[in-house]
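Please walk me through this model. Start with a helix, then move on to the contact between the chains.

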Amino acid sequence: MEADYINGIIGGSLIGLSAILLLLFNGRIAGISGIAATLLTSRPDKHEVWRLLFILGLIGGAMLYMFFFGPLNLEMQASRPMLVVAGLLVGIGTQVGSGCTSGHGVCGIARGSLRSILATIVFMGVAIVTVYTKRRLGL
Amino acid sequence: MKTNLIALIAGILFGLGLVISDMVNPLRVIHFLDIGGDWDPTLLFVMMSALAFTTPAFHYLLKRDCPVIGEKFYLPENKRIEKKLIIGAGLFGLGWGLAGFCPGPAITALATFSPDVLLFVAAMLTGFIIGKYLNIKI
């Protein structure tokens with residue numbers, strides 16, 4: 001697959017900027033699995049509205065893009081039963097492991113958190129082995 | 001009130017970033033993870049450019065006593081390397097490798113109303129609840 005450096009750097013910079021805004025102004029870490037899961041499992045409270053707005057912002061950002069540049073190109077890589085299994089694993093794993101690519105990978109590493117550096121190495125390593133195994137098995 | 005506006009703006013920027021960099025596309029992510037095959041380093045550029053901003057910025061802004069509007073910095077207090085962290089990250093990595101979706105891109109991709117994305121996100125939200133429950137148990 002052809003690498004897209006320019007859009008990768010533009011996109012990554014926006015993600016970085018978003019994480020900086022949230023920490024500088026609100027004192028919050030832009031960890032998406034944590035923000036979404038707490039929204040889902042905590043009682044509705046006016047102090048938690050920011051979580052909902054952040055999540056709606058994610059979807060709104062994509063809609064804004066689609067409004068100006070047309071539909072998104074999503075090429076799914078798993079069957080529906082596999083998507084369910086993968087979704088459950090991602091959900092459970094990010095709660096038990098306290099974070100995902102945004103919380104550990106972008107924010108935690110930036111704070112120099114040893115836990116986040118280790119978690120990122122583990123989830124990236126396991127994902128690489130998973131993709132390799134899937135390809136070898138012809139899945 | 002102002003914190004809500006910041007959260008909305010931060011969400012929009014994050015969503016735009018994931019879409020512009022094509023991280024919402026599972027094929028793109030799988031090609032990054034496929035280091036033995038047709039490797040596509042785009043995800044590395046996304047993460048590195050995000051870190052190029054967050055690393056110096058966090059270093060300086062965390063020297064403040066408190067954030068600009070919020071009451072305090074809500075940072076993880078747990079510093080211990082536990083089995084839980086490794087097992088959780090491993091399960092997450094397995095799911096990520098199977099589908100090519102992690103939480104941010106999956107939620108952002110809801111904008112397409114794709115049934116596949118809805119299915120993945122529904123399973124992920126169920127996983128959040130199971131994971132939270134397991135966290136209380138272990």
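In this predicted model, helix α5 of chain A spans residues 101–110. Nine of its ten residues are buried, so the helix is largely enclosed by the rest of the structure. The buried residues are A:T101, A:S102, A:G103, A:H104, A:G105, A:V106, A:C107, A:G108 and A:A110. What do they pack against? Within chain A, the partners are α1 (5–26), α2 (32–41) and α6 (114–136). Just after α5(A), A:G112 takes a positive phi of about 75°.

The contact between the chains comes next. Here 109 residues of chain B are in contact with 100 residues of chain A. The buried area is about 9,600 Å², and carbon and sulfur atoms give 78% of it. B:F14, B:F58 and B:L98 supply 8% of the area that chain B buries against chain A, more than any other three residues.

Polar links cross this interface too. There are 25 residue pairs in polar contact between chain B and chain A, counting pairs with both residues at pLDDT 80 or more. On the side of chain B that touches chain A, α1 (2–20), α2 (26–33), α3 (42–61), α4 (83–99), α5 (103–108) and α6 (115–137) each supply at least two residues. That side divides into 68 nonpolar, 28 polar and 13 charged residues.

Now the nonpolar core. The largest one has 71 residues. Its members A:F54, B:W96, B:I107 and B:F120 touch the most other members. Helix α3(B) gives the most to this core, with seven residues. B:W96 has contacts in both chains: leaving aside neighbours within four places in sequence, they include A:V90, A:T101, A:F123, B:V29, B:L43 and B:C102.

Charged pairs complete the picture. The whole structure has seven salt bridges over all chains, and three salt bridges are counted between chain B and chain A. One of them pairs B:D116 with A:R80, at 2.5 Å from N to O. B:D116 is buried, with a relative accessible area of 16%, whereas A:R80 is partly exposed at 45%. B:E82 forms a salt bridge with A:R115, the closest N and O atoms being 2.8 Å apart. This pair crosses between chains, from the loop between α3 and α4 of chain B to helix α6 of chain A. Both B:E82 and A:R115 are buried. Salt bridges with shared partners join A:R115, B:R80 and B:E82 into one network.

Notes:
Residues numbered from 1 in each chain as written. Chains lettered and ligands numbered in written order. Predicted model: local features only at pLDDT ≥ 70, side-chain atom pairs only at ≥ 80, totals over all residues. Heavy atoms only, no water. Contact = heavy atoms within 4.5 Å. Buried area = accessible area lost by both parts, 1.4 Å probe. Salt bridge = Lys/Arg side-chain N within 4 Å of Asp/Glu carboxyl O. Polar contact = N/O pair within 3.5 Å; in protein donor to acceptor, adjacent residues only side chain to side chain. Helix = DSSP H or I, 4+ residues; strand = E, 2+ residues; numbered from the N terminus. Nonpolar A, V, L, I, M, F, W, Y, C, P; charged D, E, K, R; others polar. Core = buried A, V, L, I, M, F, W, Y, C linked by side-chain atoms within 4.5 Å. Buried < 20%, exposed > 50% of the residue type's maximum accessible area, 1.4 Å probe, protein only.
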